[in-house]
Amino acid sequence: MRRLLPPLLALRAFEAAGRSMSFSKAAEELCVSTGAVSRHISALEDFLGQKLFERLTRKVEFTPFGATYFAAAKSSFELMETATRQALQGHDRLTVDAMPTTANLCLLPWMLSFTEESQIDVHVLSSMAPVDFSSSSADLAIRVGELPGEDEARALGRIPHSMVTSWTAVRAEHLWDEILVPVCSKQYLKGHPAARDPAKWTGEDLIRTVSRAGLWDEWFQEQGLDRAPNGSGSQVAHFYVALQMARKHRGIALVPTVHLNALEWRGELVCPCSGALKSVGGFYVLYRESDRNAERIRAFLAWIRNQGDCSIPHVVGGRTGRGAKAGAAPRRGANARRG
């Protein structure tokens, strides 16, 4: 007999939205737009003939039916995930969850060397959400953030994102410092000589990354200047887009050096002036305490420790070259156990 099942893509969107109680967070997890998640859930509601969520002004809430249906969907997905994990045990493969810019600029271009060295296949997921290792299919994750209690007295350079939903039974190993520097294209600098002097910048010069909205203000304060100038410059979602905008001569972006130094087209960009902002915390690789002795985890950790370069580019004749680091040298391999 044919099974009566809902549209599976719609069910997946509903389950992801139900876990986070947010259509936008579900969209980040599934790498689709918020509108796509909303359409999938509306399609599921049409299929079932009942509402699953109450759409409020700034949040969503389950309807009574939605809460019951979510419990059944969540249980079904957990059963499938457990069966899938059991089927994959013993296979040489890894799933790594990384932030979009780090995945696109760092992990994916570097991954061939790891696969060739280890003969381990790697599947890369992309998400900004805190990792929930109790339900995530990822074996490891790379996030930027702060360890609990890290340099609580410092005001500038705070990273406003949580790396995990819970530190219980999670290990964190430092990879790179997050050091932010201003960059623009050579063509932009040639056409805007004032770009060499931050005191002469206008708001229109600045490319702002909305996920880190206060960064430009903090960079200016770190340089002993007033807050960043107001104005209607470009606003983008991620550092990856900010770098692309700078490449297209749209202004000056403030980006992590580890991303800048990983660019295949890094020579197209220059640092128009000196000055850096070193964040509290940094980039970490995260994994389950129970996996600490797994050979594939140990192989990835040994490899990733030797990747990446967070050094600060020189400002020499409009050319970008690798130079001194801000603050202490990157703490490769320093690990912290949590939980």
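Why are Lys74 and Glu78 separated by about one helical turn? The two residues are four apart in helix α4, which means about one turn lies between them.

This is a predicted model, where local features need pLDDT of at least 70 and side-chain atom pairs count only at pLDDT 80 or more, while totals for chains, interfaces and linings use all residues. Residues are numbered from 1 along each chain as its sequence is written, and side-chain values use heavy atoms, without hydrogens and water.

View 1. The side chains of Lys74 and Glu78 form a salt bridge, 2.6 Å from N to O. The term needs a side-chain nitrogen of Lys or Arg within 4 Å of a carboxyl oxygen of Asp or Glu. The structure has 15 salt bridges.

View 2. An unreviewed UniProt entry places "domain: HTH lysR-type" at residues 6-63. Such annotations may be inferred rather than shown by experiment. The end C-alpha atoms of this span lie 18 Å apart. Helices (H or I, at least four residues) and strands (E, at least two) are DSSP runs, numbered from the N terminus.

View 3. Domain 1 covers 8-89, and domain 2 covers 95-148 + 155-306. These bounds come from an automatic or database domain assignment. Five residues of domain 1 and 10 residues of domain 2 make the contact, meaning heavy atoms within 4.5 Å. The domain centres, taken over C-alpha atoms, are 29 Å apart.

**View 4. The interface of domain 1 and domain 2.** About 510 Å² is buried between the domains, 38% of it on carbon and sulfur atoms. Buried area is the accessible area (1.4 Å probe) lost when two parts are put together, summed over both.
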